[in-house]
Each structure stands twice: as C-alpha cells, then as structure tokens.
Amino acid sequence: MSIKIDVETKQYDIDLAEKDASAVIFGFDFQVSAALFLFVKYIKKIRKIVVEGKYQDIELDFGDHTLYAQAKSIQVVSNNKRHEKFKEALLSLAKIRLNEQDKCMYISNYESPLKEKGYYDNVVAKLKMIEDDLTIANKLKQDVVNDLEEQINNETDKGKKEKLKLVKRNLNNLSMEELLISSIIPFVDIEDKSDKHKVLLTHIKKLINEDIGINDYDTDKYVNQTFQKWYMSFHEDGSVKPEVVFKTIEKSELVWELLVIVSDCKVDVDKLYDHPLDDELTSKLKNFNFDTFVGATPRFKMVTNIVSEYIPYSRVVGASPEQFAKQYWKLFDNELLGGVFEDDDIKEYFVKRFIVKVLRNHMNVGNVMNGGIL
Amino acid sequence: MIIKSVSFTENNTKSFDTLDSHLNLITSNSVNSVGKSTLSRLIFYGLGYPIPPTEDINFKKIYCETIINQNNTDYSVVRDGTKLTIEKIDKSFKKEYLLPDEHNSFLMFLFNVDKENIARNLLGLMYIDQEKGWTLLNRGKVIGSIRFSIDELVASLNNVDCDDLFYRRDVYENEKDKYNALLSIDTIKEEYYNETGNLSLLSDYEYLKREIASLQISINDKKKEIKEVEEIIANDEKLFQFFVDMNVHINVNGESIKINKNNIECSYNLDYLKARKTILESDLYLLKKQISNLREDYQKATNVPDLFSNNKTVDNEMKINKALSLVDIDVEQISTAKDDAKKAISEINLSIRERTKQNNPYIKKIYDYLYEYANRLGIGNYISKNTDYIFTNNLKGKTGANFQKLIIAFKVAVIKVLEEELNIYAPLLIDSPKSKELDDTNTELVMNFIKDELKDHQIIVASIHNQDKLFIQFDKIIEIKEFAIEERQH
C-alpha cells in the first residue's frame, strides 16, 4: 500500500483520526518510554533530549552530533504492519537534512521489526550487522522512494513538488547500513502497567546501583519515583494530544532530579547511637515528621560546614557518615536549629539524621560527577 | 374566670363574639378548614400566651380584645403585639405587661394565684389542642413551647420548692427534643437516599469530604516546603553572586584563580535545591489535580437534582430533603446523648417525686378524683391503684378512645382540686373532641361528664360537628362561615 505524504503536516504519519483513543495513548506512552530508554542508555554522553521534537519523535543532542529517532509501536504483540511502520519511520527521518556525524534510529516494540528476531531486544544495533534485515530495509526504502517518485510526478503544486523532491533526496542519502535499530521488549498493553515499563525500570535501577552506587532497601522506591518524575517531565500534563509542543530537557535537570530522589535515603537510627533505643524513644522519633519540619532543607552554609568537617574524618578507615554524625553532631546543632526544638531527644536525632543525609547526598553527587554522568 | 367576649381585628376586618358562662360551641357545620382551631388559639393568644398561629395568618398583626369576668369584676384584656393591658371596665384600674417576660405575672393576677408554677401550668388544664392535646396527659407540650407538668403543679400546691430540679429537667427536655429532631433529619437522609437510589452516595459523600480535607493538608505542607526551598535558593544565589561581584581570587600554588559558583566546594547544593523545588512543584501539581477531581465528584454528589422541574412542590421538597441530607449527623453519638438526657430526666423526676410526695395531700386528692372519673368514663381498670399514678410515665400502648377519656378525666380531676383549694375556675377549651377515635357513645359519655363535673366552669368546644353530634345542648353557638376573623351574624 502506498503512503500518501502530506508535506504540510509536521508529521508524515498515518492520519491519527483513524486510530482509536487507546492506540494513540499507547503510542505516546511508547514514545516517552523510548525517550527515557535512550536517555538512560546514553546518559554519560548526551547533553539534551527532546521528545516530540521539531523533526523527529526523539532527538538526542550529544554536542557534536544529534541522534534522531523514530518511535513506532503496536498495541498487541504481533508482526502486523511492521514493514509499513518502518517505511513511515524512514519517511519521517527523511524530512531532515543530516549532518555528517548525525545518526538515525528506528525504535519500536516489535520483536522482529524487519524479519530477524532477538538482535534488537533492549539494545541498539546497527542494521549493517544484520544482513537479512539490511536487505529488507533497503527494499522497503526503495518502495518509499518509488512512492515519492509517483507523488512528485502527480503533484501540480510547485512548492509541494519541491518539498517532495527534497524528501526523496534525503531518503536516498539515508544509509540503511548506518541506521540504528532498537526494540523495547516487552512493551505491550497489559493490565499491570508496571510490567509494561519493566525494561525501563530495570535500566534506571542499574543506573542507580552501578553509577550512583546506591543499593539499599529503598532502591526500588527510588527507581519508581525517578521513572515517574522523568516520565512526567516528558509528558507534563499526562494528556495525549496529537501534536504536543516539543520540550527540550537538559540532562542535568533530569540527573539532579534523580539525585534529589535518592537523597531521601533511609537513615538507620540504630547506627546513630552507642546504645540501643528504648521503646519510648523509638516511638517518639517514629511519630515526629522530620521531613516537613521547617529547617529540614539544607542550606549552602550548613552543607559546606558539615562536608568540610567530614572530609578529614572520612579519611579514617571505616568512618561512615553515621559514625561522624554520632560523634560530632553537637558541632552543628545550634547552627541547624537555632534552638527550635524543645525536646532534646528529637533535636539530637534530627541533627544526626540531617548530617547523614547531607553527607550521603554529597557522596552521590561525587559518584555522579566522577562517573561522568554530570 | 369567664371569658365574656372576644374581639379580633386583622387589617380592616373585625370579628366579635360573645360567650356564655357555661357551654359554648364553635362550629362550622361540617365544613373543614374555616378557622375553628384558629379562633380557639386566638382566644388564648389574646390572653398573652405565645400560641403558634395556624397557616396563613400572622397572630402578631392581630389586635385582640377579650372581656373577662373574674371574681364578679369585668376586665378588658387587650393584646397588641407584645403589649398586654388589663383594665377594669370602669377604668378604675389598669396595668400593662410586656410579653413574654411578664406573662406569668399577668396570669397570677388574672387567676388570683400567688404561685408562679401554678399559673404557668394552667394552660395545660384549660386547652386541649386538636393534635397535641390528645397526647398530653400529665406532662409534656401543650402547644408550641408551652409545657405542662403535674410535678410542678403538685409541688407548688404543697409549697415544695423544686424549681432547681424543674429547671434542670427543662434543659434536658429541650436537649432531648433537639436530639430527636436531629435523628429525624437522619431518617430523612435515609429516606432521601432510598428514594433516589443513591444509598452509596451517602458514604461516598462522607469519604470525599475526608479525602478533600486530607489533600488540602498535604497541599499546605507542600507549599510550605516549596516556600522554604525558594528562600534558601534566593539566599544562596545571593551569596555566590557576592563572590563574583567582589571579584574574589584565591592563590593556588602561585596561580590566581577567580572564585565563581563552579569552583566553590559544595556549590552543587544550589542545583540540588533547584531540582528539589521542581520535584516539589510536580508533587504540588499532582495534589492540586487530585483535589480538583475530588471536588468535582463532591459537587456532583451534592448537586440538587432537577426533577419534575414544572412541579415546584416536588422541587422544593426535594431541595429541602437534599439540604437536610447534607447535614452531618453522627447517629450513634446523638442516640447516646439522647439516652443520657433521658436518663438524666428520669433521675430528676425521681428526685422531684421524692421531694413532692413528702406529706403532700394533693396527690391523693387528685388521684381520688381521677379514679372516680376514670370509672365513670369506663376506664377504671386502666389506672393503677397507686396514688403515684398521677405521675405515671407509662403511656405506652395508650391510644385511642380510652386514652382520650383518660386525658379528660385527668384534666378535670386537677381542675376540680384547683377549684376547691385555690378557688380557680379555669375555663376548658376542647378543639375537635371527635377528631381522634371517639365514637358517638363515648362522645356522649365524655360531653355529659364534662358538662356535669364542670358545671361552674366555662366550657368551649370547637368542632365541625353541630351540637346534635356532640350530644349536649350548648348555651352559645358561634358559627364560622369562612374565617376565624370575619363579621358574624349574632
């Protein structure tokens, strides 16, 4: 089936009005998920990411080049229309004139986007590495070129004709060998939505565990919160519109959001005291809401004082933030609180907890910077 | 006391009726709703009582003049709003009373009694309202907020001071009435939801309110956090800007390095705070969205349905029921409070009883009359042999003709004792004696009994029936054509 191209619309795609609402929602969900997947994958190298960009579904800015990605999805597991969707993606990718270093990608949720299966699952592969698929891709590209040719011949409007010729030229220049392909597997419409985003969650978890160095009881909580926050960043109001105004997000914005989330770490109260706590004290501390207490936000002066005292201390073998807090909390209590608390037990715990959180955050930031993420 | 005439003026319409010293009938000759009850109520309104009006008439706008005879002296009693004036016909005496505060003083003067509690309880003996009157035996509401209490009366007769206990009991009675009213509202709620088929809405509505309140607290907390973060960001940014503005340099191994935000240790804290603010703002956005959705649901749950829009009566009824249904009532708590009030009333009544009973000959006097009259009216076996029976609370199962007869017997018994002991000849006005279940036989029995026992008292009967159906000959018949206040042929 030939594809009619309307050069006036921003997206050369199948008329969205033909789809039902759930398909549109699914498609947009996949697009955002694909963006997040690529963001995490390229987090060390990228600077910015755009979803629903001016030209493409996803645009990753690496500074010296840009990766343009087209995202296509199918709601129910099948191979239906996979070649049609590939051709649509090619057509969209042909809208732009690429610089030499720029890359193009086709990302979908097909297990076999062209023919072969298993090469693209949650990885990025160059098409030239998969011979059979490369052959098919070249054939499909030729089909699109032929359709364009026909349209050009039939087009009477001079302006539109020129645009079509430009698209054809770009398409001819689009190298199938260099085309990157990826599949997010699984990504299907099932009742348990957390399963749909399982791949993403796994990648975020790996980022937190390996690159930031956090692997504790609350890691899954951080993973979910990070996913939700990043998802919202790309898809702000949660509604699906056929044409969404594009949003450029700096990598640092998203990384700092992750750091804020993981800074809300659980503090092991037993490690803050030399003696075990009695039930009464434990209950008292448990019932106090420290997080919404005014004064719980770290100021630069407090942070720098705590960190500067901690650095020489931390050179002592085995000295953890908890040990530092246990030993030196009194150095900071007036500065932190100015005598706000009346209850000494709560005050002591608050100060120690605050110190540990500041130090843990400092360590996380260090890991992120040293790991090349920021 | 004998009421000789009553005159009522409303706007430009005036009615004037004379009354006989003994048997009077206010009738409409089988026509309903022409003002018999209104006229009956006006008679006592004219004597200063806070009688609630019937429909479509505002008593406060009516000018009343009553001519009474007390101890062979004629008086004019005029009521104009809250002003009550009593004047001897020969003008040799005049006194004004401000209502309602001085009404009891007026009654004490009128009936020549020196005890407040006796004067206060006379209406309960003089007036049987067509609805309320046939449920009142020895204590309760006479009409409106006017109460009768046999305890007060008997205690007062014997000069026993129980005012403190009466006051406390009144307080609990009022509380109990309020609780009953609240529980009625709850019944209306249930009926409303049953009618609309929206039983689940009742619990939904409560749930929504709680959720909205909880979310609002979360929103307020979130706003406070954001505000704190913003203040810190502003302060820290000023600090870094200060270093830049001051063009501060540091010497590191002979090299001069200019201080800026990027080379200050821990300056990352600013980025951290900005990211934190973004996250808090996202959280706040979500909370506001949630509360907005809940408020929409709440609006739907509390919206007045527009049923039968052409039928105003149904609309208004639905609206009233809907409004009542939104009243938050903790049924369990109200029921417990009501039970507590009832218990308190019981205990106070016991205390009153104990104080009153001590050496009180009036209890037996009243009981003796009651027993005699009950037997004459064929209900002797309905009352206990114990003289304390005059204080009975046990009215369960007492309905119908026998209860009506008991009420009559009781009132007449007390009237007789007051007559004998204090020379009080209080009139008796009965509104609609046949409205409940009194058949012709019993009507004849009751009417003749009243006529005979209260031969020296003025009796006024208001009834749609003529005297034939009431089986006694009346000395005076007032026939109402259309309204209580109208020019009548005499």
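A:Asp220 is partly exposed, with a relative accessible area of 44%. Its salt-bridge partner is A:Lys205, with the closest N and O atoms 3.0 Å apart. The model is predicted. Over all chains, the count comes to 43 salt bridges. Chain A also meets chain B, with 26 residues of chain A in contact with 24 of chain B.

- A:Asp220 sits in helix 7 of chain A, and A:Lys205 in helix 6 (residues 198-212).
- The two residues are 15 apart, and the pair links distant parts of the chain.
- A:Lys205 is partly exposed too, with a relative accessible area of 31%.

**Salt bridge A:Lys115 to A:Asp132**
- The closest N and O atoms of A:Lys115 and A:Asp132 are 3.5 Å apart.
- A:Lys115 lies in the loop between strand 4 (103-108) and strand 5 (124-126) of chain A, while A:Asp132 belongs to helix 3 (residues 131-154).
- These residues are 17 apart.
- A:Lys115 counts as partly exposed at 45% relative accessibility.
- A:Asp132 is partly exposed at 37%.

- A:Glu178 and A:Lys128 form a salt bridge, the closest N and O atoms being 3.5 Å apart.
- A:Glu178 lies in the loop between helix 4 (158-173) and strand 6 (180-183) of chain A, and A:Lys128 in the loop between strand 5 and helix 3, so the pair ties together parts 50 residues apart in sequence.
- A:Glu178 is partly exposed, with a relative accessible area of 34%.
- A:Lys128 is partly exposed at 41% relative accessibility.
- A network of salt bridges links A:Lys126, A:Lys128 and A:Glu178.

- In chain A, the residues losing the most area to chain B are A:Trp256, A:Thr297 and A:Phe300.
- Together these three make up 30% of what that side buries.

**Where chain A meets chain B: polar links and elements**
- The rule finds 1 salt bridge across the interface of chain A and chain B.
- The side chains of B:Glu228 and A:Arg299 meet in a salt bridge at 3.9 Å, N to O.
- Between the chains, 6 residue pairs are in polar contact.
- On the chain A side, the elements giving two or more residues are helix 7 (219-234), helix 8 (251-263), helix 10 (300-314) and helix 13 (344-370).
- Helix 8 gives the most, with 6 residues.
- By class, this side of chain A has 13 nonpolar, 7 polar and 6 charged residues.

Definitions and conventions
Residues numbered from 1 in each chain as written. Chains lettered and ligands numbered in written order. Predicted model: local features only at pLDDT ≥ 70, side-chain atom pairs only at ≥ 80, totals over all residues. Heavy atoms only, no water. Contact = heavy atoms within 4.5 Å. Buried area = accessible area lost by both parts, 1.4 Å probe. Salt bridge = Lys/Arg side-chain N within 4 Å of Asp/Glu carboxyl O. Polar contact = N/O pair within 3.5 Å; in protein donor to acceptor, adjacent residues only side chain to side chain. Helix = DSSP H or I, 4+ residues; strand = E, 2+ residues; numbered from the N terminus. Nonpolar A, V, L, I, M, F, W, Y, C, P; charged D, E, K, R; others polar. Buried < 20%, exposed > 50% of the residue type's maximum accessible area, 1.4 Å probe, protein only.
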